[in-house]
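User: I am new to this structure and want to learn how to read it. Please take me through it feature by feature.

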Amino acid sequence: MLSILQAAGWPIIPLVLCSIAALALIIERFLSLRSTRVAPARLVDEVISVTRTSMPTVDTINKLAENSTLGLVLAHGLRAAAADPRITEANLRGAFESAGRDAVHQLERNLNALGTIASAAPLLGLLGTVIGMIEIFGASGAATGTAGANPMELAHGISVALYNTAFGLIVAIPSLMFFRHFRARVDAYTLQMEQASERMVPHLLRLTGARR
């Protein structure tokens, strides 16, 4: 590996840093976007079951908020309904939407950085290719009027060009694939939270109506 880095020249250093950053972001997003942390199965059914006859206690709502991202959204709606027994449907939907926007913002954290790496890595590879070509032409130009260009200099310029092109693609392709994968996950979780809010709104309105 060290010999490859030496052959690729200094332009590969930004690509190595990008690869390390991309790997860290991918691992972080895999851990953060697990279904158990974002939208556990049957959580909405459990909340509806617990609140079928009365509003939950403050401690129960706080535990729900700590459960997952979806739990935080549901807890926000429950707090709004508990604070105002005469809450309107529009205000209740607004509470869920506000919490949902904050939740989606958290789910999308670091995705832009991963997408930027996926876009920038091929350009960095192209930069290394151009630098390698410059070295090749420089070696050829320096050899004008002599027996020929230095083979070592030509080989170094070719290695810089090829290694940087290849490494740029090696970094960009997985980064783009994981970026698309995580984006699809966030979209799916967003839909789940919207559907959960749609189920909770009429349930909470019936519950607050029974309290009046």
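Analyst: Helix H7 gives the most to the lining of the largest pocket, with five residues. This is a predicted model, where local features need pLDDT of at least 70, side-chain atom pairs count only at pLDDT 80 or more, and totals for chains, interfaces and linings use all residues. Residues are numbered from 1 along each chain as its sequence is written, and side-chain values use heavy atoms, with hydrogens and water left out.

User: How is a pocket found, and what volume does the largest pocket have?

Analyst: Rolling a probe the size of a water molecule over the atoms shows where empty space is left. A pocket is read on a 1 Å grid over the protein atoms alone: it is an open set of points where a 1.4 Å probe fits, with protein on both sides within 12 Å along at least five of seven lines. Lining residues have an atom within 4 Å of a point. A volume is the space filled by probe spheres set on the points, and grid points are joined across faces, edges and corners. Here the largest pocket has a volume of about 330 Å³.

User: Which residues lie nearest the centre of the largest pocket?

Analyst: Thr 69, Leu 72, Ala 103, Gln 106 and Leu 107 do, out of 19 lining residues. The elements giving two or more residues to this lining are H2, helix H3 (35-38), helix H5 (58-67), helix H6 (69-83) and helix H7 (89-107). By class, the lining has seven nonpolar, six polar and six charged residues. Nonpolar here covers Ala, Val, Leu, Ile, Met, Phe, Trp, Tyr, Cys and Pro; charged covers Asp, Glu, Lys and Arg; the others, Gly among them, are polar.

User: How much space lies in the second largest pocket?

Analyst: About 250 Å³. Of its 13 lining residues, Phe 96, Glu 97, Gly 100, Glu 194 and Ser 197 are the closest to the centre. H7 and helix H9 (151-211) each give two or more residues. The lining has five nonpolar, three polar and five charged residues.

**Helices and burial**

User: How many helices and strands does the protein chain have?

Analyst: Helices (H or I, at least four residues) and strands (E, at least two) are DSSP runs, numbered from the N terminus. The chain comes to nine helices and zero strands.

User: What does "buried" mean, and what share of the residues is buried?

Analyst: Buried means under 20% relative accessible area, exposed over 50%, and partly exposed in between (1.4 Å probe, protein chains only). Of the 212 residues, 38% count as buried. Take Phe 182 in helix H9. Phe 182 counts as buried because its relative accessibility is 0%.

User: Where is His 203, and is it buried or exposed?

Analyst: His 203 is in helix H9. At 7% relative accessible area, His 203 is buried. The C-alpha atoms of His 203 and Arg 52 are 8.2 Å apart, although the residues are 151 apart along the chain.

User: Where does Gly 9 sit?

Analyst: Gly 9 is in the loop between helix H1 (2-8) and H2. Its relative accessibility is 17%, so Gly 9 counts as buried. Gly 157 is 148 residues away along the chain, yet the two C-alpha atoms are separated by 8.9 Å.

**Charged pairs and a patch**

User: How do I read a salt bridge, and how many are there?

Analyst: Side chains of opposite charge can pair when their charged atoms come close. The rule is a side-chain nitrogen of Lys or Arg within 4 Å of a carboxyl oxygen of Asp or Glu. The count comes to seven. One of them joins Arg 183 and Glu 108 (2.9 Å, N to O). Arg 183 lies in helix H9 and Glu 108 in the loop between H7 and helix H8 (111-142), so the pair ties together parts that are 75 residues apart in sequence. Arg 183 is partly exposed at 24%, and Glu 108 is partly exposed at 30%. Salt bridges with shared partners also join Glu 28, Arg 29 and Arg 109 into one network.

User: Which residues make the nonpolar surface patch?

Analyst: Patch residues have over 30% relative accessible area and no salt bridge; like charges are joined within 9 Å, nonpolar side chains (Val, Leu, Ile, Met, Phe, Trp, Tyr) within 5 Å. Accessible areas come from the Shrake-Rupley method with a 1.4 Å probe, and for residues only the protein chains shown count as cover. Here Trp 10, Ile 13, Leu 17 and Ile 20 make a patch of about 470 Å². Ile 13 is in helix H2 (residues 12-32).
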